[in-house]
Amino acid sequence: MAPKTPKMTAEEKSARMSQERKFLTKLLESSLQGDFDTVKQHVQEYRGQHPNVSEQEVLSQFKDGKKRTAVHFMCQSQSPDIMEKLVEWFVDSDKDFLISVLKLKDLNGMTPLMMCAQNHDAKLAHQRVKLLLKIGGKQPLALARSNTGAGALHYAAGAGALAETINALVQAGKVVLSTSSVKGGTPLHWAAALRGDYSQTTLKALVEAGADLNTSNESGLSPLLLAAAAGNDKHAKYLVDQGADVTLELPGKITVFHISADCNLVGTLATLLEKYPDQQLSSQPNGRNEKPIDLAVQEENLGCVMLLTGEGDEDKAKAWMEEHKKSLPERNDTTTKPESSSGTEEQPKKQTAQYSLFEENAKELAAKIAATSVSDEDKQRAQDIKKEGNQYYVKKEWKSAIEFYTKAIDADPTDAAFYSNRSACYMQVNQFNEALQDAVICRQLRPEWPKGCFRMAVARLALKRYEDAALSAWEGLQQDQNNDELKRLLQKCVKHGRKVHQETVQKDHEEEEDR
């Protein structure tokens, strides 16, 4: 009979756990840094102390708090050849291990392929995706989904991948092309909402691969409407050129014509008018009886006004715009409700294209951000950058604070506090739309945090959306009923809302008397 292994004491167990944690930290740090030789050295040293543990087990079973292995961290490394070296290590001796480790998911359901696909170094992403698909049997890897329902193709599209990367992933699993992730939509939605011009690379590759131009995501947005709402003139124009349905409407009878005129998407609007010269489309009123030309005039978007009127002389177009503006009612972006316990009035929501889609786009962006995997090293670096931003915040140097909070977000886009802080700074420099976008993202990333509700309420209040602002403040109070800051803010929103309502009633009464 084999002798029994003596039980470890509590002190011995604690010491062993401490050693394991130190080893894991060293292993994952060297993996993220892309130092393959050091990774291999750590693995072999561990095996020297634990001969019953294989190299494969060390690389696949040692995980951080988010269940990420050393291979997950290697995929996030910017080292150009670490994945090739990993494959060389095992491709001849144990290819089955390579295939199995490439299927491992972290706590967010992210596989190594997904992490490679979302690398913003497009050339490096392509190199790694191509390698992993070759090793892993293509289809099973490409069809894997994260917890949000997104596949590697979604993450590649959201990172602005090269056409070659898109094509490789589509070939490995074309069904993902029409698969919608939670809130984000199809890969074409992810690409359409990108900032910057990817119309001739990522977007074009998806369209040419057969992506549906007109499918809607959970928010009811087609890729075209999403691109327009994101203010991406190049993407929206490209999708119109490719034949996207321009008659699709959002609630409130909002079409891409309204959004383009409202958001000054001159290229998109020019293409719309060229392809669809029918006056009925370009002059169709929305639910507030506003035509595209009315929105362009209200926002003083001269280029759009010239396109819609056909006036080629800037001075004449400006004169016409000023004259037309006199005939338009003052634009009011508030929403109201029937009599409620707060004493405000509730009527059907009347939101403009710009604001309703602006917030939807921020939610879409937050959904993608939430699926992003960030290393512990980047999280710590982001916290250090945030501290620098805080120093400028205290000194009320708002623009410098914004710069550092932005750098912190670049390092770790998943921390809601960074968006909250930057939103506060944007308010100080009167960039209310930017403040609102950050507030919405903050709220989505950390829904249980009252501060997100507070930031949304403040930004909406500045935009004179009093009822929406009151709603955000009220939602915050449901999470923290003793929050005096939110109580005062709610009262302020209600007060302003009442005042606007009373002025509107008085104005309507006077107009009725005049008639």
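Tutor: A charge sits over a ring if NZ of Lys or CZ of Arg is within 6 Å of the ring centre and within 35 degrees of the ring normal. The structure is a predicted model, in which local features need pLDDT of at least 70, side-chain atom pairs count only at pLDDT 80 or more, and totals for chains, interfaces and linings use all residues. Residues are numbered from 1 along each chain as its sequence is written, and side-chain values use heavy atoms, with hydrogens and water left out.

Student: Over the ring of which residue does the charged end of Arg 446 sit?

Tutor: The charged end of Arg 446 lies 4.1 Å from the centre of the ring in question. That ring belongs to Trp 449.

Student: How far is Lys 407 from the ring centre of Phe 404?

Tutor: Lys 407 lies over the face of Phe 404. The distance to the ring centre is 4.9 Å.

Student: How many residues does the largest nonpolar core have?

Tutor: A nonpolar core is a set of buried Ala, Val, Leu, Ile, Met, Phe, Trp, Tyr and Cys residues joined through side-chain atoms within 4.5 Å. Buried means under 20% relative accessible area, exposed over 50%, and partly exposed in between (1.4 Å probe, protein chains only). Among the residues with the most contacts inside the largest core are Leu 59 and Leu 206. The size of this core is 100 residues.

Student: Why does the pair of Tyr 393 and Trp 398 count as edge-to-face?

Tutor: Rings of Phe, Tyr and Trp (its six-membered ring) pair if their centres lie within 6.5 Å; planes under 30 degrees apart count as stacked, over 60 as edge-to-face and the rest as tilted. The ring centres of Tyr 393 and Trp 398 are 5.2 Å apart. The pair is edge-to-face because the planes stand at 80 degrees.

Student: Is Trp 398 buried or exposed?

Tutor: The relative accessible area of Trp 398 is 16%. Trp 398 is therefore buried.

Student: How many disulfides are there?

Tutor: A disulfide is a pair of cysteine sulfur atoms within 2.5 Å. Cys 75 is in no disulfide, as the nearest cysteine sulfur, that of Cys 116, is 3.4 Å away. The sulfur of Cys 263 is 9.2 Å from the closest cysteine sulfur, in Cys 304, and so is too far for a bond. The count of disulfides is 0.

Student: What is the relative accessible area of Cys 75?

Tutor: Cys 75 counts as buried. Its relative accessible area is 0%.
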